[in-house]
Amino acid sequence: MVNEGVNMEKEDQTTSDSIPILTPYNMKIFHLSHRVVLAPLSRLRSYNFTPQPHAILYYKQRTTKGGFLISEASGISETAQGLPNTPGIWKKEHVEAWKPIVNGVHENGGIFFCQLWHSGRVSNNFYQPNGQPPISSTDKPILKQQYIGGHGENDAQYSTPHRLTIDEISRVVDDFRMAARNAMEAGFDGVEIHGANGYLVDQFMKDQVNDRTDQYGGSLQNRCRFPLEVVEAISNEIGAERVGMRLSPFANYNDSSDSDPHSLGTFMAESLSQLGIAYCHVIQPRMVTQFERVETRDSLVEMRKTFKGTFMVAGGYYDRDEASRVIEKREADLVAFGRAFLANPDLPRRFRLNAPLNEYDRSTFYTDDPVVGYTDYPLLDD
């Protein structure tokens, strides 16, 4: 039996009021029925950088009425890609391909934001137009090499990037703005700017990467200039109430770290709050890399206090009670789930019923199969 959506039955509603992660929440103009968010998850199944029809089922399976979903990272321009089979949002054909996927989420009553992404130096020449170097805040390459897909001898190589000029930075800001416009044309309810994980926006913010001496480098304010210009341009285009931003000030993803992550995080939280965006989405300090979770004394308390809008957290959440404690202690308003939501399309319902969770299969996270490890995880009703 193919399940196209997950809808909470009336009998499931009786216990929700006592489970903090399942209580309703208002985020600007959006009314959420619970606080379980589908985190943005690259799945590498968008062939030729174009969303595919099999994504309709994938997202519909994970949609509940009043549930909030964030799409996988979607490239804003032809220079944005750094992984194979990731979707784009810069062409008309991308917009048309996203429409039925977004419609599927809306048919099931969900709220859907598109994550806008530029990989920056986390890329290789073979992903770039005419084989040119990837772009970044710097011309320093990533030293820690890892597999990024592609073909031939360069499979495990990040290319030396081109340092953006000031004029080129302005054009990238405009690329973000146009991508946000395209997302709205595709039917998305809003966009999330990917400012985390060592990708382009993060490369400008982090002082271990950004070695510029112009107005986009040096001081904390200068390093955050480009990210905030992107936020402001998109907010002016589609409305601040439809904009969120993801940050990872404490992480060292993709060879990208900062000497004072507390100050970076607090400054961005304050600046984003002043711009009035819908939410700030932050990866917990315990998530050092994509695959490593460690105990740390660092916390997001100051960022939480500083940002006046909706505060969302992510980073290794798999347990209903752990997430509920975060909500109950008011450390966050929403919690984004990655692996748990990937392996359990009906995650909010399982939380409601305190049902056992499916185990995820990491070996199928980044394959290009349109079914295996993608839409074949069983629902409770199966």
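In the predicted model, the side chains of Asp333 and Arg304 meet in a salt bridge, with an N to O distance of 2.8 Å. This pair links distant parts of the chain, since Asp333 lies in the loop between helix H9 (320-328) and strand S15 (334-337) and Arg304 in helix H8 (residues 301-306), 29 residues apart. Asp333 counts as buried, at 10% relative accessibility, and Arg304 likewise counts as buried, at 18%.

Salt bridges number 17 in the model. One of them joins Glu237 to Arg177, whose closest N and O atoms are 2.9 Å apart. Because Glu237 belongs to helix H6 (residues 225-238) and Arg177 to helix H3, the pair ties together parts that are 60 residues apart in sequence. Glu237 is partly exposed, with a relative accessible area of 26%. A further salt bridge connects Arg349 and Asp381, with the closest N and O atoms 3.3 Å apart. Arg349 is buried, with a relative accessible area of 11%, whereas Asp381 counts as exposed at 57% relative accessibility.

Salt bridges also link Lys92, Glu96, Lys99 and Glu185 in a network. H2 bends by about 30 degrees at Lys99, and a proline, Pro100, follows within four residues. Buried residues of H2 include His94, Trp98, Ile101 and Val105. The buried residues of this helix pack against helices H1 (54-61) and H3 (166-185) and against strands S4 (68-70), S5 (74-75) and S6 (111-117). H2 is followed by Gly109, which has a positive phi, near 85 degrees.

Definitions and conventions: Residues numbered from 1 in each chain as written. Predicted model: local features only at pLDDT ≥ 70, side-chain atom pairs only at ≥ 80, totals over all residues. Heavy atoms only, no water. Bend = angle between axes of the 7 residues up to and from the residue. Helix = DSSP H or I, 4+ residues; strand = E, 2+ residues; numbered from the N terminus. Buried < 20%, exposed > 50% of the residue type's maximum accessible area, 1.4 Å probe, protein only. Contact = heavy atoms within 4.5 Å. Salt bridge = Lys/Arg side-chain N within 4 Å of Asp/Glu carboxyl O.
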